[in-house]
Amino acid sequence: MRRLRVTQAVAVVLLVGWVALLVATVAQGHRTSSYSDLVSAVRSGDATDVQVSPSLRPRTTNGQRTVEIRWRDGLVRHTTSVLEVRGRQAGSWGDGTSAVLRRPVPDALRALDPGLEITTISRDGDGDGDGGGGGLGVSATYLGWEVPARPAGAYLALWLGTVLLLAVGPEPRRVTPWGWFWLLLLTGPIGAIAFLVLSGVLSRKPVAAPMALRTGGGWALILALALGTVTGTLD
């Protein structure tokens with residue numbers, strides 16, 4: 001009974017942690033978007049708090065540089081990267097870039113909206129150009145969101161804690177242990193919250209019935225791959 005209570009307490013802490021992490025992701029993170037999304041937001045006047053990393057120097061006649069752009073559209077913050085190209089550089093999409101531009105990013109955006117306010121910031125946090133402030137910093141990406149390093153570290157800790165609970169905890173319901181493992185591995189927070197809520201780990205009688213029908217590892221793997229593709233955890 002004491003072990004059961006400890007298991008339930010750990011499960012509650014993990015569940016609260018996952019929910020808090022998802023809230024922090026939306027509050028602090030940036031949704032990975034495309035340059036066309038930004039263009040649409042600028043044209044409609046919905047893009048605010050636009051920030052870009054440094055472009056190529058004005059006198060550069062030949063070269064290329066990846067420029068990161070961040071902006072807010074309503075309550076959601078977005079991010080994308082474009083390749084700025086000068087001269088005879090071929091320029092091709094890749095490495096996460098969503099467009100190729102032949103002129104400075106601020107100029108391209110202000111051509112869409114002359115009154116658009118743009119802040120140029122460097123990756124190490126030093127202001128540059130139009131006022132500066134707030135660096136791009138170190139970040140990680142999951143579920144299609146780019147988040148600061150601290151929430152990313154919390155994600156890893158919560159994931160390891162949930163996997164450990166699966167390994168040493170009671171026999172789960174609905175899905176076999178291997179099935180739950182694939183869901184945890186490939187769907188991140190979605191699989192973790194599903195495990196904590198549906199596996200019976202929070203129940204007073206979490207042990208699965210000996211002959212209870214449960215989803216096996218193979219079917220769970222297929223489901224996890226499908227969910228991971230839809231939610232972006234496998235991008």
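User: Which residues form a nonpolar patch on the surface with about 230 Å² of accessible area together?
Analyst: This is a predicted model, where local features need pLDDT of at least 70, side-chain atom pairs count only at pLDDT 80 or more, and totals for chains, interfaces and linings use all residues. Residues are numbered from 1 along each chain as its sequence is written, and side-chain values use heavy atoms, without hydrogens and water. A nonpolar patch joins Val, Leu, Ile, Met, Phe, Trp or Tyr side chains within 5 Å, each residue having over 30% relative accessible area and no salt bridge (a Lys or Arg side-chain nitrogen within 4 Å of an Asp or Glu carboxyl oxygen; areas by Shrake-Rupley, 1.4 Å probe, only the protein chains shown counting as cover). The patch is formed by Val-12, Val-16 and Leu-202.

User: Why does Val-12 count as partly exposed?
Analyst: Val-12 is in helix H1, residues 2-28 (helices are DSSP runs of H or I, at least four residues, numbered from the N terminus). Buried means under 20% relative accessible area, exposed over 50%, and partly exposed in between. Val-12 counts as partly exposed because its relative accessibility is 43%.

User: How far apart in space are Thr-215 and Pro-177?
Analyst: Thr-215 lies in the loop between H6 and H7. In sequence, Thr-215 and Pro-177 are 38 residues apart. Their C-alpha to C-alpha distance is 9.6 Å.

Definitions and conventions. Patch = residues over 30% accessible without salt bridge, like charges linked within 9 Å, V, L, I, M, F, W, Y side chains within 5 Å. Helix = DSSP H or I, 4+ residues; strand = E, 2+ residues; numbered from the N terminus. Buried < 20%, exposed > 50% of the residue type's maximum accessible area, 1.4 Å probe, protein only.
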